[in-house]
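Welcome, and please open the model in your viewer. We will go from one selection to the next and see what is there.

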Amino acid sequence: MTADAPQVIQADPEFDLYTAPAFRERLLDLDSRGHRFLVVDLTPTRFLDPVGLRVLADALTRARGRGGNLVLVVPGEPVRKVIRVSGLWKALDVYDDIA
């Protein structure tokens, strides 16, 4: 798989202060291997806190800084609402499903 092929990374059911650091490391690993196009699948995610939002915002900045992009798959309304209220919604491409 080439570095330009979109990489799908699935978040945990709770994307928060406790799980965000490990998720950030997974994103940084993909970044260090040259992957610029990321799809973050939040399908299993039921809770997203400000720490998780920061991880997503930082990953978006890194991807776009390298000529790539980060998109989200967010089917659940509670998580969508958190992203909308945060303002991050305006900066991201958000889809209902992975297809």
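Buried here means under 20% relative accessible area, exposed over 50%, and partly exposed in between (1.4 Å probe, protein chains only). This is a predicted model, where local features need pLDDT of at least 70 and side-chain atom pairs count only at pLDDT 80 or more, while totals for chains, interfaces and linings use all residues. Residues are numbered from 1 along each chain as its sequence is written, and side-chain values use heavy atoms, leaving out hydrogens and water.

Start with D49, in the loop between β4 (47-48) and α2. With 12% relative accessibility, D49 counts as buried. Beyond its neighbours within four places in sequence, D49 is in contact (heavy atoms within 4.5 Å) with F15, D16 and L17.

Next, select D16, in the loop between β2 (14-15) and α1. Residues up to four places away in sequence aside, D16 touches P21, F47, D49 and V51. D16 is buried but has no salt bridge (a side-chain nitrogen of Lys or Arg within 4 Å of a carboxyl oxygen of Asp or Glu). The nearest side chain of opposite charge, R26, is 12 Å away.

Finally, show helices α1 (residues 20-32) and α2 (residues 50-65), which pack at an angle of about 10° with axes 10 Å apart. That makes α1 roughly parallel to α2 (angles under 35 degrees). To see where they meet, colour A20, F23, R24, L27, L28 and D31 in α1, and V51, G52, V55, A59 and R62 in α2.

Definitions and conventions: Axes are lines fitted to C-alpha atoms, for helices over the stretch in contact, and angles run from 0 to 180 degrees between N-to-C directions. Helices (H or I, at least four residues) and strands (E, at least two) are DSSP runs, numbered from the N terminus. Angles under 35 degrees count as roughly parallel, over 145 as roughly antiparallel, 65 to 115 as roughly perpendicular and the rest as oblique. Lys and Arg count as positive and Asp and Glu as negative; His and the chain ends are not counted.
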